[in-house]
Amino acid sequence: MKSTSFRSAVGAVLTAALSAVVLPASAASAAENPAAAGTVDTATAHSFGRLADAVLTQRTAALLDTERSVRSAAPLAEKNVRLSAGQTRTEDTALSTLRTRKARLAALGEAYTSADTRVAVDRVRVEAGRATVQATETTTLTYKKIRGDEPATTGFQAHHRLSFAATADGKWQLTGLTSTDDGPLAVNEPSTARVAAGTTALPEATPAAISVPSRPQTKPAGSYDYTAMASYAEKYWQNYNPAYRKFNEAGGDCTNFVSQALKAGGWANKSGDSEDYRSWWYDTSYQSTSWVGANEWSWFTLDAKRATNLANVYYMGVGDVMQMDFDKDGSKDHTMLVTYRSSSGVPYLTYHSVNTYRKSVASIIASYPNSAYYAYRT
């Protein structure tokens, strides 16, 4: 699997996507300037997909241990589609940010030797000289064997919205690329962390340290089946369990997914009013807020003594849970489950929104060095 192999899954999916494109009233006017006529032909739609693939593959390549000249390796301009000058500057900044993240990862003992990024175009819509493209990225990165106990790969699926603007000569320029997912960044998505003051609700969780401890801590035996929790999460991280409702469009599916895994490992329902954080349950028609809400889950967990806070995220073992407050505003934003722990003491997390398999805690910290982290021993 070569890191510079740019493969777009735009073929069959694109045929369906083109049904969303507004067709011109006059084929002659479209031939003169298809962008102005409010349509794109198949070749241009394919170019949208190839450009999305090139940009996202280039971002991924910036993280690799043996990065090549990704600017020349990716076809960032074609006959009828290219990056705008502003987006070119944005991507240059993005690559610089990602190389900094790679250096942070290296300092934490993590690197990637190769990667495979594929982009599928889900929908294309054209209106008034502008095109909006919805696309799904599937990326797999191969861990470099630094300690020798890393898992083979980490992977994720991410969804993006690309904005194109028509030029006077009927060509298109990429003017924006935005993630449409909730949850933490994909490792190849650049970001500047925001820091803000805030307060937390009670019962109050204790933030965990993110520095690598001098001595690793082993998780003691507990009353739950942690292997079952991990197995469940790794079975359904990408292909959702149809027995449960999804909450991707209702604030994110991360806590719902973790609750499912905890139940698979032995957590029992606790009855009560659905809005009372002291209850925790799911049934065929509804669920408690603590089942799906990150803050409510934390309040329930600490109040019911289902888990305790750990002093350091590196103390987590399989079946433990980590939460993040991205901007330190006092509200927890994301919930994840540890499904693998290396022999040298690095936890790897699996979660929904963005659907991710065995992402190291080191890579999450490298992307969000200024966020608040909470570790729970289940």
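These are brief notes on a predicted model.

1. Basis. Local features need pLDDT of at least 70, side-chain atom pairs count only at pLDDT 80 or more, and totals for chains, interfaces and linings use all residues. Numbering starts from 1 along each chain as its sequence is written, and side-chain values use heavy atoms, without hydrogens and water.

2. Overall make-up. The chain has ten helices and twelve strands (DSSP runs numbered from the N terminus: helices H or I, at least four residues; strands E, at least two). Of its 378 residues, 53% are buried (under 20% relative accessible area, 1.4 Å probe, protein chains only).

3. Contacts. Residues 24 or more positions apart account for 68% of them.

4. Antiparallel strands. Strand β4 (residues 130–143) is joined to β3 (residues 112–127) by 14 bridges. V119 has E137 in β4 as its bridge partner. β3 and β4 form a hairpin with two residues between them, and A128 in the turn has a positive phi of about 55°. β4 also runs antiparallel to β5 (residues 153–166), with 13 bridges. Here T132 has S163 of β5 as its bridge partner.

5. Helix packing. The axes of α3 (residues 42–61) and α5 (residues 85–107) come within 9 Å and cross at roughly 25° (lines fitted to C-alpha atoms over the stretch in contact, angles from 0 to 180 degrees between N-to-C directions). The two helices are therefore roughly parallel (angles under 35 degrees). V55, Q58 and R59 of α3 meet E91, A94, L95 and L98 of α5 in the contact. These residues divide into four nonpolar, one polar and two charged.

How values were computed:
Two strands pair if DSSP finds at least two bridges between them. Buried means under 20% relative accessible area, exposed over 50%, partly exposed in between (1.4 Å probe, protein chains only). Contact means heavy atoms within 4.5 Å. Angles under 35 degrees count as roughly parallel, over 145 as roughly antiparallel, 65 to 115 as roughly perpendicular and the rest as oblique. Ala, Val, Leu, Ile, Met, Phe, Trp, Tyr, Cys and Pro count as nonpolar, Asp, Glu, Lys and Arg as charged, and the others, Gly among them, as polar.
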